[in-house]
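Have the sequence and the 3D view ready.

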Amino acid sequence: MNTQEKQRKYEKLVKDLHSDVYRYAYWLIKDKAIAEDVVQETFLRAWKSLDSLKDDKAAKAWLITILRRENARRFERKQFDLVDMDDVSLADEGPHHDTQLEHDELHGLMANLSDEYREPLMLQVIFGFNGEEIAQELQLNKNTVMTRLFRARNQLKDALEKGEK
């Protein structure tokens, strides 16, 4: 692949998948600035090894794998900062509207799911991955993934119904 082809392929990759990769990173990291940094590192690594991406249909899974590794590297090199809680002020900014409240509630309920249920559900919701793609990404059996997706949806449904009562 020559430089122009590589450039075009990379730009298409960024244009098509940047927002999905960022949403996944934000869900995974829960911090906007850090998620942006990890996404930037992800696309930088993608650029460096773009020649190894042989099948464009596998680009989403390929980027997610890079992102998950970048996130893991973040913990390998992280130096924890200690903050005195007395010096921290926490402000309640209040809800903006009902949609935001519902979004926050759903986000909170999803955050309460165990990792084994939350991660496959997020891959399905954010990326539209099917069971086979999720199984490949998480290195699980497809039946295990489908069971986890079923249980995750049921847990969310039960939690939402309890919240309505």
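## Who H1 packs against

The buried residues of H1 touch helix H2 (32–48), helix H3 (59–77) and helix H5 (115–127), where contact means heavy atoms within 4.5 Å. Helices here are DSSP runs (H or I, at least four residues), numbered from the N terminus. Among the buried residues of H1 are Leu13, Leu17, Val21, Tyr24 and Trp27; buried means under 20% relative accessible area with a 1.4 Å probe, protein chains only.

This is a predicted model: local features need pLDDT of at least 70, side-chain atom pairs count only at pLDDT 80 or more, and totals for chains, interfaces and linings use all residues. Residues are numbered from 1 along each chain as its sequence is written, and side-chain values use heavy atoms, with hydrogens and water left out.

## A helix with a kink

Where is the kink in H1 centred? Look at Leu17: the kink there is about 55°, taken as the angle between axes fitted to the seven residues ending at a residue and the seven starting there.

## The two ends

At the N-terminal end, Asn2 caps H1, with a side-chain oxygen 3.0 Å from the backbone nitrogen of Gln4. Just after H1, Lys30 takes a positive phi of about 65°.

Notes. Helix = DSSP H or I, 4+ residues; strand = E, 2+ residues; numbered from the N terminus. Buried < 20%, exposed > 50% of the residue type's maximum accessible area, 1.4 Å probe, protein only. Polar contact = N/O pair within 3.5 Å; in protein donor to acceptor, adjacent residues only side chain to side chain.
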